[in-house]
Amino acid sequence: MDILSHFVNQVNDLLWNVLLIYLLCGVGIYYTIVLGFVQIRYFKTSITSLFGNISLFGKRADKRGMSSFQAVTTAIAGQVGTGNLAGPATAILAGGPGAIFWMWVSSFLGMATIYAEAILAQKYRSQDKEGQVVGGPAYYIEQGLHCKWLAVVFSLLIILALGFIGNMVQSNSIASAFYGSLSIPLWVSGLIVAALTAFVIIGGIGSIASFTEKIVPIKAVLYFAGTFVILIYNYAWIIPAFKIIFVAAFNPQAVLGGGIGIAIQEAMRFGIARGLFSNEAGMGSTPHAHALAKVEHKEQQGFIAMMGVFVVAIIVTITALAIITSGLSMWDAGGRQTASFMSVYQGLQGIELTQMAYSWVFGWFGSIFISFALLCFAFTTIIGWYYYGEMNIRYLFNNKKAVRIYQFIVVIFIFCASLIKVEVVWNMADMFNGLMVLPNLTALILLSPVVIRITRAIKKGSPVNQEAE
């Protein structure tokens with residue numbers, strides 16, 4: 001086990017601290033430039049496309065696909081998980097407040113990347129033998145690159161990374177949070193989450209789309225409302241918080257003091273890495289949802305896909321502001337006895353830091369609020385990630401029996417994960433997450449002429465009325 005753990009840690013260090021940061025940022029920069037800053041030029045169109053399609057009770061998804069709004073909520077369900085609550089805290093602890101600036105940078109670049117993913121997912125979507133519309137990286141890798149073996153590799157990696165191991169991590173996070181805040185036994189939380197998951201996924205794509213179109217907007221509104229209360233309470237520290245973020249991004253020692261030892265490179269590395277992990281742009285997960293959107297023209301779903309990354313960036317931002325403003329408030333209340341406000345969070349890790357920030361304002365309810373937010377975020381991620389795995393089960397086996405077996409295994413894994421926590425298993429989730437990015441990025445780079453051709457065919461001043469085949 002020690003040898004396996006060491007190997008996994010070494011692979012993760014290479015993937016997430018070196019290779020993927022450059023590759024994902026590089027692809028984001030490339031698409032930003034060749035598409036003429038699509039995330040800026042069509043930002044208004046993206047907003048109107050998203051809010052013009054909002055419906056909590058849209059037409060039920062069927063074999064022909066789902067509505068554009070259902071597709072983006074299914075994508076956001078996978079994007080907005082525990083990483084959006086713990087991610088900013090982890091980035092701040094490891095890279096200082098300046099890491100948040102670099103999370104914004106990764107989100108900006110990710111908007112261009114995810115636009116390309118959605119375009120390719122729409123262009124190369126297909127139907128299985130049951131008439132179900134399917135799509136995702138495996139399909140555009142096989143049809144666009146004519147590389148079947150690479151498509152199979154991607155499918156196997158995403159099933160392991162998200163469908164099985166990733167969902168175990170989400171389930172364990174839920175159980176641990178409720179055990180810590182309400183002393184609910186781990187097995188009870190595991191049983192409830194497993195039962196709810198089974199209830200949603202057995203109904204197929206119609207049930208999943210109906211669930212996400214209702215829950216995702218509601219959870220976002222409730223989380224925004226709770227966090228805005230924090231920011232209103234800490235209003236005097238909002239401007240200083242922004243100042244700290246920008247200053248620490250380029251001069252960490254000016255904010256944190258010389259003893260902290262955080263350099264600009266660390267702020268960049270941890271901010272960009274956590275940002276990329278949070279918004280999932282380029283990872284190859286969200287295209288499975290965007291492929292099924294019923295739209296007239298491919299670029300329409302590309303515009304809406306960009307809003308998914310933007311929503312994630314907003315959630316990351318308000319969480320980070322809640323953490324920093326509460327930290328400044330606690331530091332001031334304590335008489336500023338140390339050189340840095342970060343001292344108030346000494347000894348805390350990840351979600352614990354977020355809970356403490358919210359507890360500063362809400363008291364004991366702050367920890368419970370974060371636990372319920374974690375439940376909503378993690379559970380919708382389970383549904384989203386399950387669905388991505390299902391699309392690849394369909395790709396590999398192309399029959400309903402295989403899907404049913406996959407559903408059964410996922411539910412069992414979700415329950416068992418609430419009872420155990422083997423560190424190497426969770427590190428393996430990161431490893432498979434990183435490995436599955438490589439085939440997807442290969443396709444994004446080699447198929448970029450397709451994305452460029454479709455985007456350039458958009459009529460000037462009328463962005464959704466033209467498409468290129």
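**Helix notes**

I began with a packed pair in this predicted model: helix H5 (residues 83-95) meets helix H16 (residues 351-362) at an angle of about 100°, and their axes lie 7 Å apart. Angles of 65 to 115 degrees count as roughly perpendicular, so that is how H5 and H16 sit relative to each other.

Next I looked up who makes the contact. On the H5 side I found Leu85, Ala86, Ala89 and Leu93, and on the H16 side Ile351, Leu353 and Thr354. How do the residues of this contact divide into nonpolar, polar and charged? I noted six nonpolar, one polar and no charged.

Then I turned to helix H1 (residues 2-34). With 33 residues at 1.5 Å a residue, H1 should span 48 Å, and I read 46 Å between its end C-alpha atoms, which agrees. I also wanted to know where H1 bends. The bend is at Leu20, by about 50°. After H1 comes Gly36, and I wrote down its positive phi, near 65°.

My last stop was helix H13 (residues 264-279). Its 16 residues reach 22 Å from first C-alpha to last, close to the 22 Å expected at 1.5 Å a residue. Which residues of H13 are buried? My list has Ala267, Gly271, Ile272, Ala273, Gly275, Leu276, Phe277, Ser278 and Asn279. Following H13 is Glu280, and here too I noted a positive phi, near 65°.

Conventions:
Residues are numbered from 1 along each chain as its sequence is written. This is a predicted model: local features need pLDDT of at least 70, side-chain atom pairs count only at pLDDT 80 or more; totals for chains, interfaces and linings use all residues. Side-chain values use heavy atoms; hydrogens and water are left out. Axes are lines fitted to C-alpha atoms, for helices over the stretch in contact, and angles run from 0 to 180 degrees between N-to-C directions. Helices (H or I, at least four residues) and strands (E, at least two) are DSSP runs, numbered from the N terminus. Angles under 35 degrees count as roughly parallel, over 145 as roughly antiparallel, 65 to 115 as roughly perpendicular and the rest as oblique. Contact means heavy atoms within 4.5 Å. Ala, Val, Leu, Ile, Met, Phe, Trp, Tyr, Cys and Pro count as nonpolar, Asp, Glu, Lys and Arg as charged, and the others, Gly among them, as polar. The expected span of a helix is 1.5 Å times one less than its number of residues. Buried means under 20% relative accessible area, exposed over 50%, partly exposed in between (1.4 Å probe, protein chains only). The bend at a residue is the angle between axes fitted to the seven residues ending there and the seven starting there.
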